[in-house]
Amino acid sequence: MLSGKTLVLGVTGSIAIYKGADLASKLTQAGAKVEVIMTESAAQFVSPMTFRSVTNRPVVTSLWEMASEFSIEHVALADAADIIVIAPATANIIAKIAGGIADDSLTCTVLATKAPVVIAPAMHTNMYQNQVTQENIAKLKARGVTFVEPGYGRLASGGVGQGRLAEIETIIGTIKQVLGRNGDLAGKRIVVTAGGTREAIDPVRFIGNRSSGKMGYAVAEAARDRGAQVTLVTAPTALPDPTGIEVVHIQTALQMKEAVTKAVAGADALIMAAAVADYMPKSQAARKIKKAAAGPTLNLELIRTPDILTETRGNFLRIGFAAETEDLVEHAREELEKKQLHMVAANDVTAPDSGFEVDTNRITIITRDGKAEPLPLMTKRDVADRILDRVVGMFKATDSKSVTINVTKTVKNQGWFTIPVKGRALFPEAGHEITLLTEDGEIATNRDKDWNIGANLKPWFRKHPELKEDDKLHITVIKPMERYHIKIEIVK
Ligand code: CTP
């Protein structure tokens, strides 16, 4: 997502500037066009040549120098920027920006830009905690600037405290999150699960599986980068918590179920990439099981865990993964039907380059229309984006749909009709009560088993006695994922 983006990187006079060079390098490697602006004091710490070398771009150091192809740099860079990032940012630059001062290339660019601004402070703890710095930060936050909190640790001064430049990965994660704000999943809330659950046998042992969590984390990060508000419910993994995502750590299938049930309230989609244990020990020993006491064989009685996907129902898209070792598509179709899912991403876990622990995956996407689309081998991040492309498509398909019904004798007498729902994926489960809002008030209705949406029009008919048999009604269901809002018009 950084590819093709113009990123203005402001670097200021902090010892953390060497990390700024690393940041510039990583952003460039990720495909961004990185335009570096150094303040005068930054140039005292490192030579502009360092940044020039890692970005392959001229570096702007002074308002008066023609350092790049930009003629009036501060305006040109301010216009060209998709985002401005200041890392490391001193207390001084934060104060200047908060005060609207524009006395060098960087402050002029920030004042002239309409692009989002991300600031990663790095300074001595006392300077960071000083009331004036905190007031300046609060002021800028209120104006929409995003801050990447400095970390705790050893500072250049020798002391320990908050003030260290945030980790480069955290800064990059924040940049992606800010750039993704207007993405195609903006405004959507997505819950993703990841990792393999651990079912305790005793305080030191558990039953686990080979899931690394990489696929789920990739989906969560891709959704974040496309503007979604993401909650990641994760079993233990070796992966760091992604930036800009609400991460809920759990261990067992039961805990995952509880966390998912909570997280899906108000969500638009649940993507279950976790490898949830299907069985757990019936009881857990309170103390470590000793060999001497257990004897030559140890029998564990296992009981089924709840199926989270099946039991977590509601007005949101439900997407499952199917890890199979044979008859991939057939099993995935069965799962789709059995768990009433909107989509299944199936992968053959016997292939060495696909499935558990590796960075690549080869999946087949199966949807309710019965289609199976096999995707070539790609990185888990690319797989995540392909899955989300489908999710976006499903959201779009149902943002608004309309249908024209004939007012038949039955409709008029019974005051009831059903709409065959084509994009059935986004309608609630069968038997689920919903409310249709019309200009004339609410219509309570429900979904019957045939994927139809039925509406009781009696109250509406009562208000429209002029309606005759053979008249037509045009019914629009607006944004069914958010609200079952319908508009009824009599077709003239
Ligand atoms: N899943 C779940 N709760 C469980 C087990 C699995 O929600 N207790 C979810 C997984 O996260 C995955 C999907 O269900 O998205 C498929 O799980 P899997 O166990 O592979 O499929 P099953 O249909 O249970 O197949 P099998 O009978 O082969 O175990």
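The shell around the ligand holds nine nonpolar, two polar and three charged residues. Here Ala, Val, Leu, Ile, Met, Phe, Trp, Tyr, Cys and Pro count as nonpolar, Asp, Glu, Lys and Arg as charged, and the others, Gly among them, as polar. This is a predicted model: local features need pLDDT of at least 70, side-chain atom pairs count only at pLDDT 80 or more, and totals for chains, interfaces and linings use all residues. Residues are numbered from 1 along each chain as its sequence is written.

**Ligand shell**
- Met-272, Val-276, Ile-308, Leu-309 and Gly-320 come nearest among the 14 residues around the ligand. A residue is near a molecule or strand if its C-beta atom, placed from the backbone, lies within 6 Å of it.
- α13 (308–311) and β16 (317–324) each give the shell at least two residues.
- β16 supplies the largest share, four residues.

**Overall make-up**
- The protein has 17 helices and 28 strands. Helices (H or I, at least four residues) and strands (E, at least two) are DSSP runs, numbered from the N terminus.
- Of the 492 residues, 40% are buried. Buried means 20 or more other C-beta atoms within 10 Å of the residue's own, exposed means 12 or fewer, and partly exposed lies in between; C-beta atoms are placed from the backbone.
- Among contacts with a separation of 6 or more, 65% link residues 24 or more positions apart. Contact means that two C-beta atoms, placed from the backbone, lie within 7 Å.

**The eight-stranded sheet**
- The strand order in this open, mixed sheet is β12-β11-β8-β13-β16-β17-β19-β20. Strands pair if DSSP finds at least two bridges between them.
- β12 (246–249) and β20 (372–374) are the edge strands; each has a single partner, so one side of each lacks a neighbour in the sheet.
- Neighbouring strands are turned by 15° against each other on average, direction ignored. Axes are lines fitted to C-alpha atoms, for helices over the stretch in contact, and angles run from 0 to 180 degrees between N-to-C directions.
- β8 (189–194) and β13 (269–272) run parallel, joined by four bridges. Val-191 has Leu-270 of β13 as its bridge partner.

**Helices on the sheet**
- Helix α10 (214–225) packs on the sheet and touches β8, β11 (229–234) and β13. Its direction makes about 160° with that of β8.
- α11 lies across β8, β11, β12 and β13, at about 170° to β11.
- Ala-253, Met-256, Lys-257, Val-260 and Ala-263 are buried in α11 (253–263). They sit on the same side of α11, because they cover an arc of only 135° around the axis. The arc is that of the directions from the helix axis to the C-beta atoms.

- Leu-328, Ala-332, Glu-335 and Leu-336 are the buried residues of α14 (328–338). They fall within an arc of 100° down the axis, so they line one face of the helix.
- These buried residues pack against β16, β17 (343–348) and β19.
- Exposed Glu-337 and Lys-338 are carried on the face turned away from the buried side.
- Ile-366 is found in β19 (363–367). Ile-366 counts as buried because it has 26 C-beta neighbours inside 10 Å.
- Beyond four places in sequence, the contacts of Ile-366 include Ala-332, Leu-336 and Met-343. The C-alpha atoms of Ile-366 and Met-343 are 5.7 Å apart.

**Strands β1 and β2**
- β1 (6–11) runs parallel to β2, with six bridges between them. Leu-7 stands opposite Val-34 in β2.
- β2 (33–38) is mostly covered, with five of its six residues buried.
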